[in-house]
Amino acid sequence: MNKTWWKKAVVYQVYWRSFYDTNGDGYGDLQGVIEKLDYIRTLGADVIWLNPCYGSPDVDNGYDISDYRGVMQKAGTMATFERLLQEVHSRGMMLIMDLVVNHTSDQHPWFIESRSSKDNPKRDYYIWSQQTNNWRSYFTTSTWEWDERTGEYYFHSFAVEQPDLNWSNPKVREEIYEMMRFWLDKGIDGFRMDVINLLAKQEGFPDAENPENISYLGNNPGIHEYLKEMNDQVLRHYDVFTVGEIPFVTPEDGLLYVGEDRGELHTLFHFEVCDYMAHWDMQRFKEIQKRWYDGMWGRGWNSQFLNNHDHTRLVTRFGNDSEYRVESAKCFATMLHTLPGMPYVYQGEEIGMTGVRFPSIDDYDDIAMKNKYKEEVGKGRDPQEVFESLLHLTRDNSRTPMQWDETPNAGFSQGSPWLKVNPNCSEINVEKALADPDSVFYHYQKLIRLRKDNEVMVYGSYEPILDEDDQIYAYYRTLESERWLVVLNISDEEAQCRLPDNVNSSLGEVIIRNYPETSGGSEGLLLKPYEARVYRIR
Ligand code: TEU
Ligand code: CA
């Protein structure tokens with residue numbers, strides 16, 4: 001397996017609008033990211049993934065781009081962006097940007113032209129049709145929107161305000177490649193590619209048998225030709241890192257995107273956990289890890305994450321954010337950083353931030369949630385019931401402002417934050433975390449440092465044991481003579497971990513743990529709720 005710098009990296013995701021506001025307008029901004037870079041550096045992350053900060057009417061928080069070469073006013077200016085990049089580099093870190101090229105904003109000049117007349121030269125930049133089919137989009141009931149002016153429908157995989165680009169048009173592809181070079185020439189270190197497997201569409205848009213399963217939107221014929229071309233035309237000319245956001249993907253298909261012999265992408269995010277596992281499910285999680293490891297190891301590189309700006313914070317969704325918040329945060333951190341693949345830390349995860357429950361739908365911003373709410377209430381369902389059903393997974397769970405300290409608005413903003421701050425901010429914040437040597441923060445810091453010093457965490461093989469156990473997740477990582485055993489009790493109860501005798505007697509030093517030292521007991525290890533230990537094997 002070839003070794004490159006990014007395989008050893010840990011990525012820290014900055015959702016800038018919720019990170020740190022320096023001018024009091026209620027939105028985090030790029031200047032705020034600059035001011036907090038030393039904090040990220042202290043954590044130890046190597047790469048920063050910055051969510052989209054391009055020109056945008058902001059219907060989907062920057063994922064609806066109207067100006068690919070500009071910086072959104074809320075975020076700052078191009079000069080601030082360039083300073084940010086320079087400051088990141090001067091600290092020995094890297095910066096990757098979101099690349100959102102499946103769709104633009106309906107306010108993008110291309111779309112404004114495209115919709116203006118059927119014979120406009122930009123008409124074919126988007127997908128127009130006289131007919132619809134039965135497909136749902138991510139955020140609405142149909143992928144087709146009627147456009148009065150020219151009497152045709154346009155195609156959108158997400159919101160109505162996010163028309164899909166027509167990638168079968170070579171001019172579109174050339175425009176996108178030019179735009180990518182524009183940013184790469186500024187010196188950015190790569191891209192996180194938004195729903196990149198959606199670029200190619202199904203020929204003729206046939207009706208789906210089960211329209212609720214929207215997997216027809218992705219992995220369609222032609223996608224690999226586009227990605228190879230993108231690599232040929234752009235990426236391979238720079239030393240950069242790419243991660244594709246790839247829903248509906250199996251390990252077999254995953255290899256087609258990131259196989260080391262393929263010349264497409266470096267790594268991917270799959271969503272077998274975050275899109276389909278609403279609560280922790282041990283057997284399912286073990287099965288997913290095993291299948292992806294068997295399918296990709298040695299041939300393509302994976303990612304590890306349990307939350308991001310789209311997915312509810314991990315302690316709330318998978319752990320226990322009341323009784324065992326700190327323990328479960330550290331337990332999942334231990335898991336994410338010891339599983340094979342590149343770990344992602346989503347801002348606030350490193351202090352164990354939790355999801356929220358605001359009283360009313362009006363307290364929420366997420367377009368996915370709000371559209372779904374309207375759709376369901378429109379069917380005559382009880383509004384309160386609909387609202388409650390959406391709380392667990394609304395994207396705003398992880399979008400509330402970063403909690404820096406106990407001052408008003410958690411030290412995030414002097415103004416009125418665009419999304420309310422989580423009321424638990426006086427208890428959970430960076431200032432407290434930095435002052436407490438046992439905090440979640442220092443556990444992450446230690447895990448990240450361990451990765452720098454121990455290649456077994458990066459290149460070690462993965463071998464799970466105790467497969468049937470519903471409380472304990474245990475696995476070896478082995479690289480040459482170095483062998484580690486990770487033992488995690490992912491449950492609210494104590495757990496007896498019955499390791500085979502020969503394993504028990506080979507346990508060496510504990511490399512990292514999330515509880516103070518306890519005695520093992522002769523019949524096996526007794527693990528406290530969410531206890532995590534990593535042993536060196538003798
Ligand atoms: O996300 C794609 C998306 O729809 C996710 O919500 C989904 O849960 C999963 O990640 C893929 O199946 C990206 C962005 O991350 C999201 O914020 C945008 O709203 C969306 O694309 C549209 O650009
Ligand atoms: Ca601001």
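For my tally of the ligand shell, Ala, Val, Leu, Ile, Met, Phe, Trp, Tyr, Cys and Pro count as nonpolar, Asp, Glu, Lys and Arg as charged, and the others, Gly among them, as polar.

**Entry 1: the ligand shell.** I am working with a predicted model. I began at ligand 1 and found 13 residues around it. Y63, F158, P247, F271 and D310 come nearest. How does the shell divide? I get seven nonpolar residues, one polar and five charged.

Entry 2: I looked up UniProt next, where an unreviewed entry places the feature "domain: Glycosyl hydrolase family 13 catalytic" at residues 13–399. In the model, the end C-alpha atoms of that span lie 12 Å apart. The domain assignment, for its part, gives domain 1 as 109–155 and domain 2 as 460–537. I noted 55 Å between the C-alpha centres of domain 1 and domain 2.

**Entry 3: the sheet of β6, β8 and β7.** I traced an open sheet of three strands here, in the order β6-β8-β7, with antiparallel pairing. β6 (128–129) and β7 (144–147) each have a single partner strand and stand at the edges, so each has one side without a neighbour in the sheet. Between β6 and β8 (residues 152–155) I found two bridges, and the pair runs antiparallel. I followed one of the contacts from S129 to its bridge partner in β8, Y153.

**Entry 4: around β10.** Is strand β10 (residues 241–245) enclosed or open? I find five of its five residues buried, so β10 is largely enclosed by the rest of the structure. A friendly reminder to myself: in a regular strand, side chains alternate between the two faces of the sheet. In β10, F241, V243 and E245 point one way, while T242 and G244 point the other way, and all are buried.

I then checked the neighbours of β10. Strand β9 (residues 190–193) runs parallel to β10 and is joined to it by four bridges. R192 has V243 of β10 as its bridge partner. To get from β9 to β10 the chain passes through helix α6 (residues 223–233), a right-handed β-α-β crossover.

Strand β11 (residues 267–269) also runs parallel to β10, with three bridges joining the two. V243 turns up again here, with T267 as its bridge partner in β11. I followed the chain from β10 through helix α7 (residues 251–258) to β11, and this β-α-β crossover is right-handed.

Entry 5: My next stop was the hairpin formed by β15 and β16, with two residues between the strands. In the turn, E480 has a positive phi of about 50°. Eight bridges join β15 to β16 in an antiparallel pairing, and L479 stands opposite E482 of β16. I noted β16 (residues 482–489) as mostly covered, with six of its eight residues buried. β16 also runs antiparallel to strand β20 (residues 532–537), joined by five bridges. There I located A532 of β20 as the bridge partner of L488.

**Entry 6: D469.** Where is D469? I placed D469 in the loop between β14 (461–465) and β15 (472–479). I count 19 other C-beta atoms within 10 Å of D469. A residue needs 20 or more to be buried and 12 or fewer to be exposed, so D469 is partly exposed. Last, I compared D469 with D147: they are 322 residues apart in sequence and 55 Å apart in space, C-alpha to C-alpha.

Definitions and conventions:
Residues are numbered from 1 along each chain as its sequence is written. Chains are lettered from A and ligands numbered from 1 in the order in which they are written. This is a predicted model: local features need pLDDT of at least 70, side-chain atom pairs count only at pLDDT 80 or more; totals for chains, interfaces and linings use all residues. Domain bounds come from an automatic or database domain assignment. A residue is near a molecule or strand if its C-beta atom, placed from the backbone, lies within 6 Å of it. Two strands pair if DSSP finds at least two bridges between them. A crossover is right-handed if, with the strands pointing away from the viewer, the path from the first strand over the helix to the second runs clockwise. UniProt positions are given in the numbering used here, feature names are shortened, and annotations may be inferred rather than shown by experiment.
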